[in-house]
Amino acid sequence: MFVGSSDIAAPKETIRWLFCRHSNGSSNTNNDMLYTIIVDVRLPRILLAFAVGGSLAIAGNSIQNVLRTPLVDSFILGISSGAAFGAALSLALLNDFSVQPVAFLFGMLAVALTYFLSLTRRGVSLLSLILAGIIVSGFFTSLLAFVQYVTDPFKLQSIVHWMIGNLHYATWSKVRSCIIPIIIGTAWLLIMRWRMNVIALGDEESLAVGLNPTVERLLIIIPAALVSSSTVSVAGIIPMVGLIIPHFVRLVFGVDNRRNQPLSFVIGGSFLLFVDTLSRSITDVEMPVGIFTTIIGGPVFVYLLKSGRMREENL
Amino acid sequence: MAISTFNLNFWYGQNKVIHDMSIDILEGEFVVILGCNGSGKSTFLKILAGLLPYREGMVTIFHQSLQSISIKERAKIIGYLPQFHNPVFPFTVEDVVLTARASHIFSLPSKKDYDRTAEALKLIGLQEIRKQPYTELSGGERQMTMIARIMAQEPRILLFDEPINHLDIKHQFEIMSLLKRITKELNITTVVVLHDVNMAMRYADRFLFFKNGQLYARGGKEIINTETIREVYRIDAVVGEVRGMSFVIPYMPQ
């Protein structure tokens, strides 16, 4: 809350404002400005960063357990490319206000498509789910390329900006629009957190103890898709958080999802908040946070992959 | 009658793998199914476990049609040990056993579930390694863990598909003795698929020989003779007895 690109709201002033706003009756323009910067610019951004990071991490952990591989995140189901296409479509054809709901809808649509493509008479196999996700992602990516190709350069720029995940334009209305699906989805995923331990063991192993894996998978994929699509609709595609945070949590705390689901959310939220704070204070120009998560997350991931510990325990 | 099948037929696609099976298994019996690879042993066991839906014939579990029992209820009656198990994530032994309670749990396990888990770990003798990651266990310990998991389900019927595969002789005997002990002490009905005829003779009350998806022979130890072995496995054998223990020595036909 104390850092940003404006000198008016430097740390010292912010602290003074926080402690003195009730005792100080006189209002001047500087104070109003301070209020605006802190309450309308920084606060929603902090909340949004935390909610988005937490959502991506908890959804990532859920999908890794459902698909029984630590190498995926919720975007494997086609959410990101579906939402990106939806956003590009509405940026190119409609107005700015429609971007959020359209991106959200296309994200959910992509997951539904992936799921139904992978559906066979004998239920849903993990391999077909992953393959269908890749096909659906590819399909929406080419549609996105088509939209980019035919759209005019000015709009193209806003499409590209949108696709690199960022939290620049965090507002209270964005927080409001995504917070309800995020709360519902997260609560749902928390309720499912022990059952994910069962599902992670295998299909026959679940069926033998009374859980129908096809039903359980759906019960986890739906809320995971819900929270991921919500984050994409307000912040674009923020990569790596959903992949790395669950890894990190598993490495440090073990594999029990009773603990890892809430921890993923808290650590994912804190991580994105930290990275976003860096991205808006490290240079004079604010960098999109999506660039930073990859720059920071990539090497961390490579390190984890190369270090023997993860290979033995988690692969 | 714990398990009863009547005129059971089963196809994998066009391929008929179970032909007109009518088998009765009594409560508290230790039954071993023997037969060649592809004779339908595992398929039969999976059908009993409810993992493969059958369309022709009938299966009843304690006089109730298997198809009318929900997945949740089934898990409270039947404990099934699959042939292969390849876990990805290193859950601890305790956490793996705890998953047995899934049919009793909505969101999080209760004290009763933890108690049952502790009891099962004690019954199988796994308290020492309960905090160890399942993925780091030896083959025998893994099998013990999966058996503990089944016991935590508190089932009345055990269906085990080749439980002593990949184990050394000592562990083979340990697992089989354990199964026998559980069967007798808790009056559980146990059906085991085995390849080792000698091991089967050491422990089973009754034998079922499968051949090409059909029931070839059923009965006590007396049905195991040179002719049965030749018909079922297409191999010759000496059947005898030493110090009160029956044995089979198979050899290639001359």
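**Close-up 1. Strands β1 and β4 of chain B, joined in a predicted model.** Five bridges link β1 (residues 3-12) to β4 (residues 56-61) of chain B. The two strands run antiparallel. Phe6(B) sits opposite Met58(B) of β4(B).

**Close-up 2. The open sheet of chain B.** Four strands line up as β2-β1-β4-β5, with antiparallel pairing. The edges are β2 (15-25) and β5 (64-65) of chain B. Each has a single partner strand, so one side of each lacks a neighbour in the sheet. Helix α1 (residues 41-48) of chain B lies across β1, β2 and β4 of that chain. This helix runs at about 60° to β2(B).

**Close-up 3. Helix α5 of chain A.** The helix covers residues 126-150, 25 residues in total. From first C-alpha to last it reaches 36 Å, close to the 36 Å expected at 1.5 Å a residue. Buried residues in α5(A) include Leu129(A), Val136(A), Phe140(A), Leu144(A) and Val147(A). Gly133(A) and Ser137(A) are buried too.

**Close-up 4. Where chain A meets chain B.** Here 23 residues of chain A are in contact with 26 residues of chain B. On the chain A side, α8 (193-201), α9 (203-208) and α14 (308-314) each give two or more residues. The largest share, six residues, comes from α8(A). By class, this side has 10 nonpolar, six polar and seven charged residues.

**Close-up 5. Confidence in chain A.** Mean pLDDT is 85, and 86% of residues in chain A reach 70 or more. Over residues 310-315 of chain A, pLDDT stays under 50. The model has 11 contacts beyond four places in sequence for that stretch. Where pLDDT is low, predicted coordinates should not be read in detail.

Technical notes: Residues are numbered from 1 along each chain as its sequence is written. Chains are lettered from A and ligands numbered from 1 in the order in which they are written. This is a predicted model: local features need pLDDT of at least 70, side-chain atom pairs count only at pLDDT 80 or more; totals for chains, interfaces and linings use all residues. Two residues are in contact if their C-beta atoms, placed from the backbone, lie within 7 Å. Ala, Val, Leu, Ile, Met, Phe, Trp, Tyr, Cys and Pro count as nonpolar, Asp, Glu, Lys and Arg as charged, and the others, Gly among them, as polar. pLDDT is the predictor's confidence in each residue, from 0 to 100. The expected span of a helix is 1.5 Å times one less than its number of residues. A residue is buried if 20 or more other C-beta atoms lie within 10 Å of its own, exposed if 12 or fewer, and partly exposed in between; C-beta atoms are placed from the backbone. Two strands pair if DSSP finds at least two bridges between them. Axes are lines fitted to C-alpha atoms, for helices over the stretch in contact, and angles run from 0 to 180 degrees between N-to-C directions.
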